[in-house]
Amino acid sequence: MNILVIEDDRANAELISKLLEKEKYNVDVAVSFLEGERAIDKAFYHLIILDWNLPDGSGYDLLKVTRELLIESQVLMLSANSDIGYRVKALDAGADDYLCKPYAIVELLARVKSLLRGSSSNKNPILKIGNISINKQRKEVFVNSKEVDLTLAEYDIFEAMASNPNKTFTKFELLNLSNNKYASSVMSNIIEVHIKNIRKKLSNKEVIKTIRSVGYKINLSS
Amino acid sequence: MLDSLNKSLSKRLLFSFIIIGFLPFVIFLIYTLVLSETKIVDKLILDQHHQASQISKFMNTHLLSLDKEVAFLSRLDLMDDILAEDIDKRISRLLKQKKDDYNLKLNFFVINDKGQIIASSDKNIILTKFPLQDKLNKNTKKFFLDKKLYIYSKVFASFDKNKNLGYLILEYDLENLNNYLDHTLNAYAYIKNNNIVIGDKAPFDISINSEKDSISLDDYIVVYQKMDSILEEWYVFYVVKKEIALEFFYNFIHFMLYLSPFIIILTIFVSLKFSKYIVKPIEDLTQVTDEIILSKDYSKLLYMSSSDEVGRLAHSFNILLNTTDKTLYASEAKSSFISNMSHELKTPLNAIIGFSQYLISYEKLTDEQLDIVSNIENSSQYLLEMIYGILDIAKIEAGKLETDIKELDCLSLSKECFSMLEPLAYDKGLKFELKTKDYSLNFFKTDEKIFKQILINLLSNAIKYTKEGKVVLELTNTKDKFFVKVIDTGIGIKKEEMGKLFKEFTRIGNSLSSKQKGTGLGLSLSKKLSHIIDGDIYLESEGINCGTRANFVLRLKD
């Protein structure tokens, strides 16, 4: 799948392209309005990741241009502005999703995957890790076919980790995932507690591996 | 009435002016009504007494002169003619002459030692017997009979001073004294001795109790006093009808009462004019300031032509406006700078965090490298959180934080926050309780995001600063307030440090907290946020290790 990243901040552009390449996507980068417009003209992209502020124009205008040209790419808008008004404006103009900076990379990945899945219709709601299975649609977790009662926060954490089994999650990433709106460093300890509870409820200490001083990762060999 | 007075300067002024305008008039009216009547009566009595004394004096002077006349006539040599029975009528002519001189109702006559009238100013009684001879007495030289006064003197022969020839007698009609009584005041003026009355007698009897007195009856004022000298057994009376005496006074009162509506109208009219005149510039000033506040255009200036206090006030106000304008401009510039800065900081920070997470997630790092990258991520997260906090504070200070006030089930919201933090408390081995038995509100109007943010901040703080014991979230409400209390058994706060806690970037410095994470913005931000939703936050603590009680109070809205 082809993804176009239009982002004038080179560091962020590189971060996104590296990340997506790791996930086996083809990524092109454009660093201005003009470059972006040309790239869209030249080739079809399944997804365009579009930054709002560009040095020679606004991503919002580029979005409108794209939609006027009837280009059917999925568009994920990025912006440093978290005001609800911007989000609404972007979605109204035809964006498929909107992500505020700063974002956790796992969230960006999740959005990208979700957007692309929408166009590929390859949806598998059941995830399996050893004897544990997760029904993403119904948000249910089973151990040996027996349902385990996780809290919503615990479920969100476990599902994100299970969906990205190769990825190490930092506590902050998990905190953002579980309580996006009210995340605060004061609460970073809560992730430890959630992990502890998940392990206990799944009766499996090995399923989540602690990466010393960094975070957690799914242990596929458990 | 009082309330409206308190609210309006012009009404207060109007009220004061009316009071000031009326007060002298009312005082004067009351004084006149209550005191003047007595004073006028007292004055009248005094005047009447004075008049009575004067009259008494005049009457006596008059009678004494007659007495002297009698004595003088009796010593004339001519009186020897008594012996010759006044053959030549010389005495009679003299007495007639005298009577004519006086032109009064009186009669002079001479009796001889046998009581026979020898000579008289009234020739009709000559040679008749004087019937009252037995009343003639050496000592008194006078006596009264009915309305007549008799003054007499013994007549001695000029040739023999021991020889008594008879008496010279003046028969004086007391009605003559009526001329001395003044009747101009429509008063009853008279003199009285027992039952004998000269003058206009009052239509009622007056009992005499002392030598001099005054009696104020319902309709009359009575003044009497004893006379002296010849009239020593007599009393002089003045009886004045009250309504006549006080006629002028009553007329005056009527005049005042007729005048009062005009005075009321005049006072109100003048008061209105004056209070408007005084308040007008202040009203103008208020109107302009209202306009400025409404339009928020502080660059406007007030124009006041007057150079009085109000003019000076306007001048001072302009200086304040100018300062406010500058301060606001500076504040807005600061807020806009902070807001822009925050946005600009987010982009590179996003890359830093993203790359840290990327490295941790996808690259095979050594333990040492993991440590370093993890530190980078950690610090960036704190920085980010701080930027969020600063952005929020900047928004609040610039008045740009918008709220979304809705009817909310705050019990559910509180439970949600409670559940969110419950694992953290249990993990620390703390009892974590939710008390709602004194909470009776179904719905409460507030902003969900702000309410939750504050509650989570307070709860996480409580858990953070409590090593053992419990943390209680208690919801209560009164008629007009909603209290959210977070009570912990944690490290507590020193009294002197209580105030510092709401300052940005402040954490209380003690051994436990130094290990704690946090930006130091949470409490300060929560307090500011609470003000936006018309609430407040305050802390209570008995001191170190005595726990803390965080109170989040919200006012109930209609």
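1. In this predicted model, helix α2 of chain A (residues 33-42) has as its buried residues Phe33(A), Gly36(A), Ala39(A) and Ile40(A), where buried means under 20% relative accessible area, exposed over 50% and partly exposed in between, with a 1.4 Å probe and protein chains only. Seen down the axis of α2(A), these residues fall within an arc of 130°, so they line one face of the helix; the arc is that of the directions from the helix axis to the C-beta atoms. Helices (H or I, at least four residues) and strands (E, at least two) are DSSP runs, numbered from the N terminus.

2. The face of α2(A) turned away from that buried side carries the exposed residues Arg38(A), Asp41(A) and Lys42(A). What covers the buried residues includes, among others, β1 (2-6), β2 (26-30) and α3 (59-68) of chain A, with contact taken as heavy atoms within 4.5 Å.

3. On the reading of the model, residues are numbered from 1 along each chain as its sequence is written, and chains are lettered from A in the order in which they are written. Local features need pLDDT of at least 70, side-chain atom pairs count only at pLDDT 80 or more, totals for chains, interfaces and linings use all residues, and side-chain values use heavy atoms, with hydrogens and water left out.

4. A search of the whole structure finds 27 salt bridges over all chains, a salt bridge being a side-chain nitrogen of Lys or Arg within 4 Å of a carboxyl oxygen of Asp or Glu. The side chains of Lys22(A) and Glu363(B) meet in one of them, at 3.9 Å from N to O. Lys22(A) lies in helix α1 (residues 10-22) of chain A and Glu363(B) in the loop between α6 (309-362) and α7 (367-397) of chain B, so the pair joins two chains.

5. Within chain B, Glu416(B) forms a salt bridge with Lys452(B), the closest N and O atoms being 2.3 Å apart. Glu416(B) belongs to helix α8 (residues 410-427) and Lys452(B) to helix α9 (residues 448-464), so this pair ties together parts that are 36 residues apart in sequence. Glu416(B) is partly exposed, with a relative accessible area of 37%, whereas Lys452(B) is buried, at 6%.

6. Lys192(B), found in strand β6 (residues 187-193) of chain B, deserves a separate remark. Lys192(B) is buried yet has no salt bridge, and the nearest side chain of opposite charge, Asp205(B), is 5.5 Å away; Lys and Arg count as positive and Asp and Glu as negative, while His and the chain ends are not counted. Asp205(B) itself forms a salt bridge with Lys201(B), at 3.1 Å between the closest N and O atoms.
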